[in-house]
Amino acid sequence: MGNRKNMALKEKYLSPFDSSLFIKMMFENAEATSILIMDPNGIILDSNKGFQKTFGYSRESLLGKNFSMLFIKEDRMKNLPERELKKVMDTGSANDDNYLLQEDGSHIWVHGESIYAKNEKGQEFVVKVIQEINKEKQLEQELKKKNEEQERIINDRDIFIYTASHDLQSPINNIEGLVNALKEKNRDPAESNILLAMIEKSINRFRNKINELSEIGKEQEKLTIGTEKLHFKDMLKEVLLDLEEEIKNSPTEIISDFSKATTIDFSKKNLKSILQNLVSNSVKFKSPDRKAKVIVETERIKGGYILLKVQDNGLGIKEEDKDKVFRMYEQLHHKKGTGVGMAIVRRIVYNAGGKIELESQIEEGSTFKIYLPAK
């Protein structure tokens with residue numbers, strides 16, 4: 001039955017190459033190039049040896065079938081075969097790079113050039129010339145992956161440079177504040193001893209910070225970024241110790257709730273930098289009209305993310321200034337900050353595959369939503 005149907009198709013349609021024996025022989029015997037001949041509706045009328053060799057189909061198994069059978073499911077759902085035919089009939093030719101299915105069900109990347117043609121009897125055809133570009137596409141994807149990895153490494157190095165200089169400011173400011181308090185006249189000796197103990201603790205934290213950055217610098221040289229299981233509660237505690245003097249000079253109520261997501265696998269340095277910048281800014285840009293309050297919360301959400309939310313009741317940010325918050329060296333409130341902190345946060349978050357959102361109202365406060373991948 002199938003053979004009779006195929007013979008009928010051959011009798012009904014004449015190949016556009018029938019008028020030239022030489023071209024016909026090239027079509028039938030070429031093995032390096034795959035060629036299909038179809039009618040304007042995409043029904044396969046013929047295929048050459050090159051197509052049969054590359055894709056594994058016999059000539060008989062293709063005759064009378066719609067060429068859409070060669071496309072992967074995703075492309076068929078997008079109507080790619082129909083769109084390709086329409087373009088050929090509208091403009092005379094079409095070029096496409098896409099997957100085509102082999103007889104065994106596997107698929108390979110191909111470059112296809114489809115051309116509209118007529119034979120001497122006026123019959124219309126679509127000739128599709130196909131070249132396998134699977135190796136080229138794989139190399140392209142590998143190169144893209146390497147470029148993305150290199151870009152990530154460069155971004156991590158940039159982040160390290162900025163955080164190394166920026167994150168050392170808090171312990172320095174803390175020590176400076178304690179030293180200035182110690183210099184005050186007529187201070188009670190017992191109170192001075194307490195301040196000296198606090199200075200010693202701050203110096204130790206400062207030393208630990210330098211050692212931590214030194215270790216991270218060594219890891220940077222190895223081009224690796226280490227992650228570990230971190231408890232949000234412990235990380236916030238470390239941050240509040242570094243910001244102790246800032247919080248003392250600008251009394252702030254810190255409220256935290258990590259019950260919905262207690263831990264995360266992340267770079268310790270980077271998570272600490274995120275928390276430190278967000279909390280520090282909330283304290284720094286408090287409203288003079290009310291006591292400062294900062295709420296830090298986490299939760300696991302759909303899509304494989306942990307949401308870290310930091311909300312304050314501070315000065316707030318104008319709608320037109322929201323994008324400026326994340327630009328390097330932009331200062332929205334004069335003489336406060338370096339304009340580096342939030343740019344660092346954005347780089348860390350984006351480089352980790354996360355995202356960041358900002359909601360804010362002038363004189364009401366701001367909420368930063370940090371979405372971090374939950375590994």
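A residue is called buried when its relative accessible area is under 20%, exposed when over 50%, and partly exposed in between (1.4 Å probe, protein chains only). By this criterion, 43% of the 375 residues of the protein chain are buried. The model is predicted: local features need pLDDT of at least 70, side-chain atom pairs count only at pLDDT 80 or more, and totals for chains, interfaces and linings use all residues. Residues are numbered from 1 along each chain as its sequence is written, and side-chain values use heavy atoms, with hydrogens and water left out.

The protein chain contains 13 helices and 12 strands, taken as DSSP runs (helices H or I, at least four residues; strands E, at least two) and numbered from the N terminus. With a contact defined as heavy atoms within 4.5 Å, 60% of the contacts between residues at least 6 apart in sequence join residues at least 24 apart.

Strands are paired if DSSP finds at least two bridges between them. Strand E5 (residues 124-132) pairs in the antiparallel sense with E1 (residues 34-38) over 5 bridges, and Val126 of E5 is the bridge partner of Met38. Strand E4 (residues 107-118) also runs antiparallel to E5, joined by 9 bridges; here Glu113 has Val129 as its bridge partner. E4 and E5 form a hairpin with 5 residues between them, and Gly122 in the turn has a positive phi of about 85 degrees.

In helix H10 (residues 232-242), the buried residues are Phe232, Met235, Leu236, Val239 and Asp242. Viewed down the axis of H10, these residues fall within an arc of 115 degrees and so line one face of the helix, the arc being that of the directions from the helix axis to the C-beta atoms. Lys233 and Lys237 are exposed on the face of H10 turned away from the buried side.

The structure holds 10 salt bridges, each defined as a side-chain nitrogen of Lys or Arg within 4 Å of a carboxyl oxygen of Asp or Glu. One of these joins Asp242 and Lys272 (3.4 Å, N to O). Asp242 lies in H10 and Lys272 in helix H12 (residues 268-284), so this pair ties together parts 30 residues apart in sequence. Both Asp242 and Lys272 are buried. Salt bridges with shared partners join Glu238, Asp242, Lys268 and Lys272 into one network.

A further salt bridge links Asp90 and Lys86, whose closest N and O atoms are 2.8 Å apart. These residues are 4 apart in helix H6 (residues 80-91), and therefore separated by about one helical turn. Asp90 and Lys86 are both exposed.
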